[in-house]
Amino acid sequence: MDLLNNDNLKKKKTGFNILSNDSTDGHGGYGAGVMNLDNVSPVFIDPTEGEAFVDMGALHARSIVEKRIKFLPDKEKVPNGKLYWLVWVTIKIKDGKPFYAGVAGCEMTVDIEIRRGYKSLPEHVNKMDKSLKGHILVDEMDDTSKALLAKFLKEHNEQMWENSDKTLHEALAV
């Protein structure tokens, strides 16, 4: 039997179902329960340079920081890595007002010279999930990075910062 003939290829062909709006609108079919990433943004904190920036490529591990870098799960193998924090920021609306609902930071180090870096992929996925669920997880971040994140969030949209829960303000107070 020739598995590569055109007839067999046609039978095996499957495509993506394109669903509009909310995949959990009650139909219970394909795509039900899929995570919606429309309201999450990856914010990078670079404490060495004192800057914060959004890079949507991080949603697929294709940010400017991650490109051309082979990531290893062992931090000790990247001893000269530059520290970055990838912070998943989720925005929700309450009483018609947008606010920063979930904020969760993940450590990442990158050594551009050897093109190696450290990050824990399970941690990044879990923190993104926690952010989507409205958790504030920034305890592991250093004070400089917290201050940069707070400044970035305030300057990005002061009204969203004001509408946010006091838990976020307290967690980022240094």
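## The model

The structure is a predicted model: local features need pLDDT of at least 70, side-chain atom pairs count only at pLDDT 80 or more, and totals for chains, interfaces and linings use all residues. Residues are numbered from 1 along each chain as its sequence is written, and side-chain values use heavy atoms, leaving out hydrogens and water.

## Overall fold

The chain has five helices and seven strands. Helices (H or I, at least four residues) and strands (E, at least two) are DSSP runs, numbered from the N terminus. Starting at that end, their order is α-β-β-β-β-β-β-α-β-α-α-α.

Take contacts (heavy atoms within 4.5 Å). Among those between residues at least 6 apart in sequence, 60% join residues at least 24 apart.

The chain has 174 residues, and 37% of them are buried. Buried means under 20% relative accessible area, with a 1.4 Å probe and protein chains only. The chain exposes about 11300 Å² (Shrake-Rupley method, 1.4 Å probe). Carbon and sulfur atoms supply 50% of that area.

## Strand 4 and its partners

Two strands pair if DSSP finds at least two bridges between them. Strand 4 (residues 82-94) runs antiparallel to strand 1 (residues 40-46), with six bridges joining them. Valine 40 has threonine 90 of strand 4 as its bridge partner.

Strand 4 is also antiparallel to strand 5 (residues 97-111), through 13 bridges. Lysine 94 stands opposite lysine 97 of strand 5. The hairpin of strand 4 and strand 5 has two residues between the strands. There, aspartate 95 takes a positive phi near 55 degrees.

Conventions: Buried means under 20% relative accessible area, exposed over 50%, partly exposed in between (1.4 Å probe, protein chains only).
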